[in-house]
Structures are given as C-alpha cells and as structure tokens.
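Hello,

Here is the structure I promised to pass on to you. Please have a look at it first, and then read my notes below.

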Amino acid sequence: ASPARLKFSGALSVDAEMAGARVYVDGRLVGFTPMFDVEVTAGSHVVRIEQEGYERWSAVIRVVADESTRVEAKLRAVGPN
C-alpha cells in the first residue's frame with residue numbers, strides 16, 4: 001500500500017449564482033465560487049456557502065472516491081421580498 005494516500009478521496013466542485021461567495025467544507029474555508037476539483041476525502045461532508053447580503057446555504061453531500069461531485073447553490077437575497 002502506498003503511504004501517500006491513507007484515505008480515499010474525490011473531487012468537489014462548487015458553484016453559485018455569483019462569483020466570490022465563500023465555500024466551507026465541514027466548517028473550514030476551502031475557497032470561493034466558482035471552485036473546481038478540490039480534493040476532499042470520500043464520505044459525507046457539510047458544504048456551506050456564504051455571501052454578504054444573502055442567506056447562508058448549506059447541504060450534506062456525499063463524495064465518492066475517485067469521482068467528481070458537483071454542487072450548485074442558489075442563494076436567496078436577505079431582506080424584504
């Protein structure tokens with residue numbers, strides 16, 4: 001077994017309607033939208049997207065080893081409708 005990869009991992013891409021929204025995976029800031037093919041361990045993860053002036057978006061996603069998982073978020077503006 002190769003010591004370089006102890007856990008299986010997959011790729012995660014995250015997009016929202018606007019560029020520059022903060023992307024968190026399991027509470028850790030990993031980048032900004034749009035984000036492509038960031039390596040994460042296989043399994044369930046909480047993805048959260050935050051942008052000033054918009055409601056926070058979050059979902060539990062499942063990443064499969066050696067596969068690419070894509071998340072698309074639709075953020076809603078905060079304030080009166």
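**What I found**

Read from the N terminus, the elements of the protein chain follow the order β-β-β-β-β-β-β. That gives 7 strands and 0 helices. Please keep in mind that this is a predicted model.

Some overall figures to begin with. Along the principal axes, the C-alpha atoms of the protein chain fill a box of roughly 55 × 20 × 20 Å. The chain has 81 residues, and 35% of them are buried. Its accessible surface is about 5,500 Å², with 51% of that belonging to carbon and sulfur atoms.

Now to the inside. In soluble globular proteins, nonpolar side chains tend to be buried together. Here, the largest nonpolar core holds 17 residues, and L12, V14, V47, I49, W57 and L75 have the most contacts inside it. At least two residues of this core come from each of β1 (9–16), β2 (22–25), β4 (35–41), β5 (43–50), β6 (57–63) and β7 (68–73).

Which residues is L12 in contact with, once its neighbours within four places in sequence are left aside? They are V25, M35, F36, D37, V38, V40, V47, I61, T69 and V71. For the chain as a whole, 50% of the contacts with a separation of 6 or more are between residues 24 or more positions apart.

Happy browsing, and best wishes

How values were computed:
Residues are numbered from 1 along each chain as its sequence is written. This is a predicted model: local features need pLDDT of at least 70, side-chain atom pairs count only at pLDDT 80 or more; totals for chains, interfaces and linings use all residues. Side-chain values use heavy atoms; hydrogens and water are left out. Helices (H or I, at least four residues) and strands (E, at least two) are DSSP runs, numbered from the N terminus. Buried means under 20% relative accessible area, exposed over 50%, partly exposed in between (1.4 Å probe, protein chains only). Contact means heavy atoms within 4.5 Å. Accessible areas come from the Shrake-Rupley method with a 1.4 Å probe; for residues, only the protein chains shown count as cover. A nonpolar core is a set of buried Ala, Val, Leu, Ile, Met, Phe, Trp, Tyr and Cys residues joined through side-chain atoms within 4.5 Å.
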